[in-house]
Amino acid sequence: MTSQIPVFKPLIEKEEIAAAVESLELGWLGMGSYVKQFEEAVADVCDLSPDRNKYVVAVSTGHAALHLSLLMIGVGPGDEVITPSFNNAADFQAIRACGAEPVFVDIDEDTLCIDPSKIEELITEKTKCIIAMDYDIFICDHDSLAAISHRTGIPILHDAAHSFGSSYKGRPIGNQHQYTMFSFDPVKTVTCVDGGAIVVSGEDAVKRLQAKRLIGMTQPAAQMYTNSRAWTYDMEELGFRYHMANLHAAIGVSQINKIDEIRKTPQQACKRYYEELSNLDWIDAPKGDFDAVNPFLYYIRVLNGTRAELREHMNQCGVDTGIHWQAGHSFSFLKDCRRGSLEVTDRIVQQILSLPLHSKMSDGDIDQVIHSVRSFK
Ligand SMILES: Cc1ncc(COP(=O)(O)O)c(C=O)c1O
């Protein structure tokens, strides 16, 4: 009897548990010194520096990071935001939370990331932002996206929830656009249990974000980072309770300290999945630049219409699988959103299947996943 291999499993070890206990014993549970350490650690991974005028603002979730970034860009009622329909629910909800409308664009068949050649035909005078999301093992064509942004003046919000610790053409993710967001939720390669971060340009933007994440209070972050607070402050604009807590930040710092260990096995598993599954003619097993990414997931495409049966078979073989994702335009909440042709998306959402990928997978686990696919008839 083999044990069930989950799709996700965080690498939580004695370091994370010690950090959590330490932060609780400190007694300052809200935003404080660990959040500062976490922001510095994220900036380090992204190779940001004040000379480049790029800064990190930690928040409570990736969704909060998206919402605040859109508000900072100035997205509001009546505006449109171009996003792949093949994206996470958090992106659609963040757009709607601003009172704006998603406009769905198709993805590139090879990378499943936004297709830059389909964006400009969807731009109108209402378009305020383009969301570009790196998907699993693939990174968007950021040069083409930057060129579109430059040509049209429309900012890119880079959803890098899947690509923290990855790089694009040798540059760490976080440096490609005006706004980048990360998620550190329970299933991400690097987790804070729940957490998010925004990479933003300019100290003024940092100040505004620091207030917006703290329900609008203009408390100096520098004071909160010493585990204390001001009792008087102003409130200048709309804000939300979106700050990160010390407990979550402490766990995140210990995760970032072992990022090389976290990504090692997933990179190896991706290579083996590719090597051993890409010769099957009824699936597509993608080849990525596995050494350049901190892989979040490895997906296969089931080409012969038997995804449900394959999932059932893999489950019987002790292997869990996931579906990332359903198309945005398939949700009743979003069914009327404007869109271009979504031909690739409509095909991919029928085929996509996520395989288990985590840092503690043994060679035997990887063999078991491969066997569970190969033994399907
Ligand atoms: C692409 C993408 N964007 C945004 C999010 C939202 O992040 P969070 O779960 O931290 O709110 C996720 C979460 O899975 C995601 O996959």
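**View 1. Ile12 lies in the segment that comes before helix H1 (14–26).** The model shown here and in the other views is predicted. With a relative accessible area of 41%, Ile12 is partly exposed. Ile12, Ile17 and Val21 make a nonpolar surface patch of about 250 Å². The cut-off for patch residues is over 30% relative accessible area, and the value for Ile12 is 41%.

**View 2. An open sheet is formed by seven strands.** The strand order is S1-S9-S8-S5-S4-S2-S3, with mixed pairing. Strand S1 (54–59) and strand S3 (101–105) are the edge strands, each pairing on one side only. From one strand to the next, the twist averages 25°.

**View 3. Strand S5 (residues 156–159) and strand S8 (residues 179–183) run parallel.** Three bridges join S5 to S8. Met181 in S8 stands opposite Asp159.

**View 4. Helix H2 (residues 33–45) packs on the sheet.** The strands that helix H2 touches are S1 and S8. The direction of helix H2 makes about 135° with that of S1. In the strand order, S1-S9-S8-S5-S4-S2-S3, S9 stands between S1 and S8.

**View 5. Helix H6 (residues 203–212) lies across S1 and strand S9 (196–201).** Helix H6 runs at about 150° to S9.

Terms used:
Residues numbered from 1 in each chain as written. Predicted model: local features only at pLDDT ≥ 70, side-chain atom pairs only at ≥ 80, totals over all residues. Heavy atoms only, no water. Patch = residues over 30% accessible without salt bridge, like charges linked within 9 Å, V, L, I, M, F, W, Y side chains within 5 Å. Areas by Shrake-Rupley, 256 points an atom, 1.4 Å probe, with all protein chains shown as cover. Salt bridge = Lys/Arg side-chain N within 4 Å of Asp/Glu carboxyl O. Helix = DSSP H or I, 4+ residues; strand = E, 2+ residues; numbered from the N terminus. Buried < 20%, exposed > 50% of the residue type's maximum accessible area, 1.4 Å probe, protein only. Pairing = 2+ DSSP bridges. Axes fitted to C-alpha atoms, helices over the stretch in contact; angles between N-to-C directions. Contact = heavy atoms within 4.5 Å.
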